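Welcome! Let us take a walk through this structure together, one part at a time.

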Amino acid sequence: MQTSKTVISGTGLWTPEHSISNEELVLSYNAYAEHYNAEHADQIAAGDLEAKPLSSAEFIVKASGIKSRYVYVKDGILDPARMTPKIPLRQENELSDQAEMSIAAARQAMAAANKTAGDIDAVIVSCAYTQRYYPAIAIEVQHALGIKGFAFDMLVACSAATFALQRASEMVNAGTARAVLVINPELTSPQNNFRDRDSHFIFGDVATATIVESEATCTAEHGYEILAMRAETIFSNNIRSNIGYMLNANDDNPFREYNFFHQEGRKVFKEVCPMAAEHIVGTLGKAGLDVTQVKRWWLHQANINMNQLIARKLLGRDPAPEEAPIVLDRYANTASAGSLIAFNLHHEDLASGDYGLICSFGAGYSIGSLAVRKR
Ligand code: CO8
């Protein structure tokens, strides 16, 4: 159990206005694949090239539970000749895309926590990718919101949000910040390989934001005391993205398949589910809780079958929909933001004293969790 008390006092959720259904996505992928196969018919017939297999909306729902996803920019993604969003380049004197997403979510979190810029001492932007290396997106957001103190970016793929909340809690406990604004601008679509049948459906764009502060300063209507938290990493190459600043020096093409997100999905599924269940039990134990006391599970949102398997391992039964809310059906996998979207949309109805658990898992591998109690 933590000695001093920190609280999640406000959350924000920015959802893009554009969405893409499985049917739309499959139509454009299949048009691309058929065109590719026709164009390379001779090489495919000679066995020098593999034909692109076709995708199906039925497979996507059955294998993942995803029905649609939100995207920051829709233009370009469904064009079989392009298969990537067309996002206009912004000048250096303009607000960056990720800062814009971040600010929209941050303002909501600050309002929910009854906090102004003057109450916050630190900003962490934590996500799977930042669109540039420096100046940090977090410092740009800090400046735009008029927050003093310090700000930095951190990257931990799918566990970026839970890991950052834990660092925020430690900063409040250490007295280095009175309140911390944690933001997860997950702009995944530029790194999603929409030409890859096995992964073209997985990701969506979103931004979440959270305020972490001391119990003593919390005036929010819906505050959640952090009882225990744990972060764990176990190295694995099964989920990788190789895009990076070395590509020029490597004489490599940034558009090669291995520079986009790619994974051994089956292996990830098999290896990560038991690790996540064990990790969660450990965090609850640290909080002095057992699984039967948890009213709500805000689980990582990558795949509905993973969530059901983990919930069954923990509870010995299927969870009721309100016990472990699913948002991936319309948001898809939003990297680190999934469990916080679920938290944002499904936390106000809990009663004072109710326990809940936030957990993320994914690339690294990385697993992060927080056991919380409603004030
Ligand atoms: N349409 C039709 N058929 C398909 C499709 C498709 N789109 N894709 C695969 N198939 C076929 C396969 O070829 C295979 O056929 P066969 O049986 O003949 O070989 C069959 O369907 C089954 O394929 P799989 O075994 O691959 O299918 P699964 O049931 O395992 O489902 C999943 C695939 C959905 C990928 C599943 O394995 C899964 O969800 N795994 C875990 C995923 C996960 O959590 N990954 C973490 C990723 S996120 C992360 O950590 C990093 C975030 C960074 C952000 C990234 C931004 C871009």
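Contact here means heavy atoms within 4.5 Å. This is a predicted model, in which local features need pLDDT of at least 70 and side-chain atom pairs count only at pLDDT 80 or more, while totals for chains, interfaces and linings use all residues. Residues are numbered from 1 along each chain as its sequence is written, and side-chain values use heavy atoms, with hydrogens and water left out.

Let us begin with Ala311, which sits in helix H8 (residues 304-315). Helices (H or I, at least four residues) and strands (E, at least two) are DSSP runs, numbered from the N terminus. Leaving aside neighbours within four places in sequence, Ala311 touches Gly316, Arg317 and Pro319. With a relative accessible area of 5%, Ala311 is buried; that word means under 20%, with exposed over 50% and partly exposed in between (1.4 Å probe, protein chains only).

Now turn to the sheet. Nine strands make up an open sheet with mixed pairing, in the order E5-E4-E6-E7-E1-E8-E13-E12-E11. Two strands pair if DSSP finds at least two bridges between them. Strand E5 (150-155) and strand E11 (294-299) are at the edges with a single partner strand each, so one side of each has no neighbour in the sheet.

On one hand, E13 runs antiparallel to strand E8 (residues 224-233), joined by nine bridges. On the other, E13 pairs with strand E12 (residues 355-362) over eight bridges, also in the antiparallel sense. Gly368 of E13 is the bridge partner of Ala231 and of Ser360, while Ile367 in E13 has Phe361 opposite. E12 and E13 form a hairpin with three residues between them, and Gly364 in the turn has a positive phi of about 135°.

Finally, look at two helices. Where do the axes of helix H4 (residues 97-112) and helix H5 (residues 137-145) stand to each other? They come within 10 Å and cross at roughly 55°; axes are lines fitted to C-alpha atoms, for helices over the stretch in contact, and angles run from 0 to 180 degrees between N-to-C directions. H4 and H5 are therefore oblique to each other, the term for angles that are not under 35 degrees (roughly parallel), over 145 (roughly antiparallel) or 65 to 115 (roughly perpendicular). Residues making the contact include Ile103 and Met110 of H4 and Val141 and Leu145 of H5.
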